[in-house]
Amino acid sequence: MNGAVFLAVYQRDLRLAWRRRTEALLPVAFFLVAASLFPLGVGPDPQVLKLIAPGVVWVCALLAAMLSMPPLYAADHADGSLEQLLLAPDAGLAVAAAKAAAHWTISGAPLVVAAPVLGLLLGLPAEELPVLFLSLSLGTPILSLLGGVGAALTLGLRSAGMLIVLIVLPLAIPALIFGAGAAAAVDAGQSPSPHLSLLGALLIACLVGAPPATAAALRIAVE
Amino acid sequence: MHAVNTSSAALATRSRLTWFTFASPANFYRLAGVLGPVCGVVAAAFAIAGLWMGLFVAPTDAVQGEVYRIIFIHVPAAWLSMVLYVALAFWAAMGWLLNARMAFAFARAIAPTGALFTVLALWTGSLWGRPTWGTWWVWDARLTSELILLFLYLGYMALVAAIDDTRRADKAGALLAIVGVVNVPVIYFSVVWWNTLHQSSSLTMGKEQHMATTMLVAMLLLTLACWAYAFAVVFLRARAIVLEREADSAWARALVSRD
């Protein structure tokens, strides 16, 4: 992998996000708003909310991550800079990895930080909050990596946003199961470590598999 | 099948039959024109025999009564739904590796049939579940993974349909199918684990008991019917795709203008 390209793209994306701070905060705002709708929808019963809290937080994080995916490559594709980037020697992998890393730093990390607050809001017991935090710390990079594949596949399409959701969500189901399951396991009096270990395994698999798939998808999109 | 023996180029290739003979769109078009209807007739024959066996010959199930007869269509549909996804990914991979246009067309042609069988499996399963389990749907591992399989088919078809450029649509769809098939075992085992963890439903599928031979034969016949149907429809759909894509080529023009 081309390290120089990786660093350049990563830093550039962070700088661009910093210059459009409001835009960068949209995913976490969506996350908070969407999760807050659940008590209004299912009723304020603390028992019910406590039960569904990990799942609600995870599903909302999943949607927030997917909805923030379309712009990842769109601007670079529209102004032609993506094609220029891909011209550098073995740059595809570096660009894919850097974009996923930048997406996680900008959109994923705020979700991880906001999740315990949401957990409190939904009445999650204190001992489950660190597990929720940990499961999202392992899980949101998976979402950024998988979403990168979706974003690259749907590059420049009219309905890219919906398509990313449709094609990536089925692939993200294992992450959802183990991520939300970790907190639920604590609730059931079990250890969350098997869930977290499997989530870690998924993360490693995605780290290895997703950037090459994204790079291949980018090559298809610009060729 | 009067399409045979029209172009001289086709005649030349007909003399030497190699692995790649039918990777040529013109040759494939003629082959599919023969094989499609043949498979259709075979499917109809097997379906009639299988339905007759299943509805009239096979005995009533001691536990479930008449409703068990849904499995004669449910089980083949569920098998086909899974096999066709693997077939889709296989042709996608072949298209990718060999850069063969026909392989991509085949992958595309398989997708709607696979999705149809997935819907059929889910639908018949739910029709069976209502009288047997007393509910249309349970979040059982098998049902859930079948539903996710449907989402994978829908994702593939939506992506391919959304990209106007044929070449890009083929390749992007192929990549998605390959990523999907790699993920299928992971999804399946995570769903199984999730299901055993949430022991909300302790329903058994009721298929453990010994099956009568006639039941098995009926199921086998209808499985063959579903296979033949899938081949027939995929051949005909691939044929239509090829004709549409090769609309500018000489053989396609000659074919259309003569008809």
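This is a predicted model: local features need pLDDT of at least 70, side-chain atom pairs count only at pLDDT 80 or more; totals for chains, interfaces and linings use all residues.

Trainee: OK, what ipTM and pTM does the predictor give the complex?

Mentor: The ipTM is 0.90 and the pTM is 0.88.

Trainee: And what does the pLDDT of chain B average?

Mentor: Chain B averages 84, and 88% of the residues score at least 70; pLDDT is the predictor's confidence in each residue, from 0 to 100. Over residues 1-9 of chain B the pLDDT is below 50. Beyond near neighbours in sequence, that stretch has ten contacts in the model.

Trainee: What counts as a contact?

Mentor: Two residues are in contact if their C-beta atoms, placed from the backbone, lie within 7 Å.

Trainee: Then how many residues of chain A are in contact with chain B?

Mentor: 20 residues of chain A, and they meet 21 residues of chain B. On the chain A side, the elements giving two or more residues are α7 (129-153), α8 (160-187) and α9 (193-222). α8(A) gives the most, with ten residues. Helices here are DSSP runs (H or I, at least four residues), as are strands (E, at least two), numbered from the N terminus.

Trainee: How does that side of chain A split by class?

Mentor: 17 nonpolar, three polar and no charged residues. Ala, Val, Leu, Ile, Met, Phe, Trp, Tyr, Cys and Pro count as nonpolar, Asp, Glu, Lys and Arg as charged, and the others, Gly among them, as polar.

Trainee: Since α7(A) came up, at what angle does it pack with α6(A)?

Mentor: About 150°, with the axes of α6(A) (residues 91-121) and α7(A) 8 Å apart. Axes are lines fitted to C-alpha atoms, for helices over the stretch in contact, and angles run from 0 to 180 degrees between N-to-C directions. So α6(A) is roughly antiparallel to α7(A). For the cut-offs, angles under 35 degrees count as roughly parallel, over 145 as roughly antiparallel, 65 to 115 as roughly perpendicular and the rest as oblique.

Trainee: Is the crossing of α6(A) and α7(A) left-handed or right-handed?

Mentor: Right-handed. A crossing is left-handed if the near helix is turned anticlockwise from the far one by less than a right angle, and right-handed if clockwise. By class, the contact has 14 nonpolar, eight polar and one charged residues.

Trainee: Switching to chain B, how many helices and strands does it have?

Mentor: Eight helices and zero strands. Take α3(B) (71-98): with α7(B) (residues 213-245) it packs at about 45°, axes 9 Å apart, and the two are therefore oblique to each other. The crossing of α3(B) and α7(B) is right-handed. Residues of α3(B) including F72(B), W79(B) and L84(B) meet residues of α7(B), among them M219(B), L222(B) and W227(B). That contact has 15 nonpolar, one polar and no charged residues.

Trainee: And how does α3(B) pack with α5(B)?

Mentor: The angle is about 45° too, with the axes of α3(B) and α5(B) (residues 141-162) 11 Å apart, but this crossing is left-handed. A78(B), S81(B), M82(B) and Y85(B) of α3(B) make the contact with E146(B), L149(B), L152(B) and Y153(B) of α5(B).

Trainee: Is N99(B) buried or exposed?

Mentor: Exposed, because 10 other C-beta atoms lie within 10 Å. A residue is buried if 20 or more other C-beta atoms lie within 10 Å of its own, exposed if 12 or fewer, and partly exposed in between, with C-beta atoms placed from the backbone.

Trainee: Last one: where does P39(A) lie?

Mentor: In helix α2 (residues 21-42) of chain A. P39(A) counts as partly exposed because it has 19 C-beta neighbours inside 10 Å. Leaving aside neighbours within four places in sequence, P39(A) is in contact with P44(A), L49(A) and L122(A).

How values were computed
Residues are numbered from 1 along each chain as its sequence is written. Chains are lettered from A and ligands numbered from 1 in the order in which they are written.
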